[in-house]
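Colleague: I am new to this structure and would like to learn how to read its features one by one. Could you take me through them?

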Amino acid sequence: MKWNQVRSILLAGAVSSISLLSACGGTSGGTASPSATASDAASPQASDKPVTISFLHWRGEDVKSFNGIIEQFQKEYPNIKVEMQTMPSDQYQSTAQAKLADGSVGDVFTSFPGAQFQALSKAGIFKDLTGEKFLENFNEPLIQVGKKDGKQLAIPYQLVYNDPIYNVKLFEKYNLTPPKDWEGFLALCEKLKSNGIIPIAFAGADIGPGQLMNTMVMNNGPADIFTKVEAGEAKLTDEFWVKTLTQFKELNDKGYFQPNALGTKDAAAGALFIQEKAAILASGSYQLAQNKQQNPNLVQKLLAPITVTADKAVYEGVHTSTFLLAVNNKSKHPEEAKKFIEFLSRKDIAGQYANETGQNVTVKDVQYTTDELKAAAEWANKKTLFQPRFTITNAENQKAVTNSIQAVLSGKSPEDAAKEAQAIVDQQLKK
């Protein structure tokens with residue numbers, strides 16, 4: 001997906017906003033009630049007999065919004081009951097395929113782009129949605145990551161900026177602005193530290209490495225560098241990754257992460273930021289609304305560390321089309337599942353979801369109203385790269401890359417950590 005396509009669509013559509021990765025598990029579902037609308041004629045045909053479909057995803061923080069949407073859906077389609085189940089995002093990536101395999105759960109489910117999408121596709125889990133009329137409701141360039149071999153297997157629902165969040169009031173208090181180079185970023189962190197503020201809240205125990213790596217690596221190598229690594233045309237022991245690991249080590253050694261960053265999970269890192277003990281949260285726009293809900297006084301914006309000199313910076317940040325909606329190929333109720341996706345694709349419903357959850361969506365002509373969505377609007381005018389981590393299509397390789405960051409934080413040299421990660425890539429190349 002070319003940036004100029006994304007930018008033109010976002011600018012033409014409306015004010016843009018945001019996208020993991022943390023969620024808490026749970027189950028929920030609406031209650032059917034009678035009603036119907038004329039939109040049935042434009043929707044997939046389904047049985048008139050009462051059926052129950054399962055909706056499986058990882059965003060537990062969106063359950064309240066989805067409950068309301070499901071209730072509206074069931075009023076329109078009283079014969080279709082939707083039962084929702086969520087899982088933590090890290091657990092979802094590792095276990096969702098096994099749950100989906102027999103079709104007993106996840107008539108409608110979501111997928112991460114990259115390695116999970118590739119694995120589910122290879123396993124035949126996706127039902128082909130090519131040609132479905134509701135695809136016209138989406139901005140076509142933003143849903144390309146749900147395609148494989150020319151077929152639309154899944155539909156990204158969210159547009160996320162995987163850039164760290166910063167506390168605007170703290171920056172103003174210490175007369176700081178987002179820096180344009182690496183030396184400036186280090187100086188900013190030092191200024192915060194010297195004033196008793198944790199510069200960066202980093203969830204090193206779970207989502208942190210997979211999130212912060214994207215902006216840390218985006219200017220250290222070509223946009224397709226991980227594709228080349230998986231093709232054997234580049235190595236993790238090359239300068240681009242050793243430099244990235246060295247810069248992670250520098251942030252850690254200088255005390256710019258909180259103490260015991262490697263043992264800190266997402267919720268704890270988020271709490272440091274929400275309580276205004278940390279000035280930057282190394283996650284992404286998907287947490288803006290959640291932060292604001294817990295601390296209404298927060299004023300938040302996004303920044304990305306520029307790891308090179310200003311004249312060598314190609315990208316200003318990172319974006320991802322994610323939360324890929326899909327129909328299970330083994331679902332016993334595929335048409336009812338399609339009806340639910342069609343319902344989610346309507347601009348009023350997508351707008352409701354966006355404004356209630358703080359997540360930008362790929363649906364056309366959605367109107368955004370919250371401060372958090374507006375805070376990310378400026379990123380439509382910036383040059384952002386599709387999330388590098390999700391260009392790694394082999395799950396073992398992806399794990400090797402993020403594990404090498406944790407290895408450096410635990411004391412291993414960048415060179416040795418890169419060498420160990422490359423050994424795993426070499427093993428995968430031989431398969």
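This is a predicted model: local features need pLDDT of at least 70, side-chain atom pairs count only at pLDDT 80 or more; totals for chains, interfaces and linings use all residues.

Colleague: Let us begin with the rings; how many aromatic pairs does the count come to?

Modeller: The count comes to 22 aromatic pairs. One of them joins Trp182 and Phe185, whose ring centres are 5.7 Å apart with 25° between the planes, and this pair is stacked. Both residues belong to helix 6 (residues 182-194), where they are 3 residues apart, about one turn of the helix, and both are buried.

Colleague: Why is the pair of Phe226 and Trp241 edge-to-face?

Modeller: The angle between the planes decides the class, and over 60 degrees counts as edge-to-face. The planes of Phe226 and Trp241 stand at 70°, with the ring centres 5.9 Å apart, so this pair is edge-to-face. The pair links distant parts of the chain, since Phe226 lies in helix 8 (residues 225-230) and Trp241 in helix 9 (residues 239-253), 15 residues apart. Phe226 and Trp241 are both buried.

Colleague: Which ring does the charged end of Lys382 sit over, and which ring lies under that of Lys383?

Modeller: For Lys382 the ring is that of Trp379, with the charged end 5.2 Å from the ring centre. For Lys383 the ring is that of Tyr315, and here the distance to the centre is 5.5 Å.

Colleague: Turning to the open sheet, in what order do its 4 strands come?

Modeller: The order is 9-10-8-11, and the pairing is mixed. At the edges are strand 9 (198-201) and strand 11 (300-302), each of which pairs on one side only, while the twist from one strand to the next averages 30°.

Colleague: Which strands does helix 6 lie across, and which does helix 10 lie across?

Modeller: Helix 6 lies across strand 9 and strand 10 (278-281), and runs at about 115° to strand 9. Helix 10 (residues 266-274) lies across strand 8, strand 9, strand 10 and strand 11, running at about 130° to strand 10.

Colleague: Why is strand 12 described as largely enclosed by the rest of the structure?

Modeller: A residue is called buried when its relative accessible area is under 20%. In strand 12 (residues 317-327), 11 of the 11 residues are buried, so the strand is largely enclosed by the rest of the structure. Its pairings can be read in turn: strand 4 (residues 108-111) runs antiparallel to strand 12 and is joined to it by 4 bridges, with Ser111 partnered by Leu324. Strand 7 (residues 155-161) is also antiparallel to strand 12, over 6 bridges, and there Val160 stands opposite Thr320. Strand 14 (residues 384-386), by contrast, runs parallel to strand 12 with 3 bridges, and Gly317 stands opposite Thr384.

Colleague: Finally, is Gln428 buried or exposed?

Modeller: With a relative accessible area of 16%, Gln428 is buried; this residue lies in helix 16 (residues 414-430), and its side chain makes a polar contact of 3.1 Å with the side chain of Asn394. Gln93, in helix 3 (residues 89-100), counts as partly exposed at 31% relative accessibility. The C-alpha atoms of Gln93 and Ala395 are separated by 9.4 Å, although these residues are 302 residues apart along the chain.

Conventions: Residues are numbered from 1 along each chain as its sequence is written. Side-chain values use heavy atoms; hydrogens and water are left out. Rings of Phe, Tyr and Trp (its six-membered ring) pair if their centres lie within 6.5 Å; planes under 30 degrees apart count as stacked, over 60 as edge-to-face and the rest as tilted. Helices (H or I, at least four residues) and strands (E, at least two) are DSSP runs, numbered from the N terminus. Buried means under 20% relative accessible area, exposed over 50%, partly exposed in between (1.4 Å probe, protein chains only). A charge sits over a ring if NZ of Lys or CZ of Arg is within 6 Å of the ring centre and within 35 degrees of the ring normal. Two strands pair if DSSP finds at least two bridges between them. Axes are lines fitted to C-alpha atoms, for helices over the stretch in contact, and angles run from 0 to 180 degrees between N-to-C directions. Contact means heavy atoms within 4.5 Å. A polar contact is a pair of N or O atoms within 3.5 Å; within protein, one must be able to donate a hydrogen and the other to accept it, and residues adjacent in sequence count only if both atoms are side-chain atoms.
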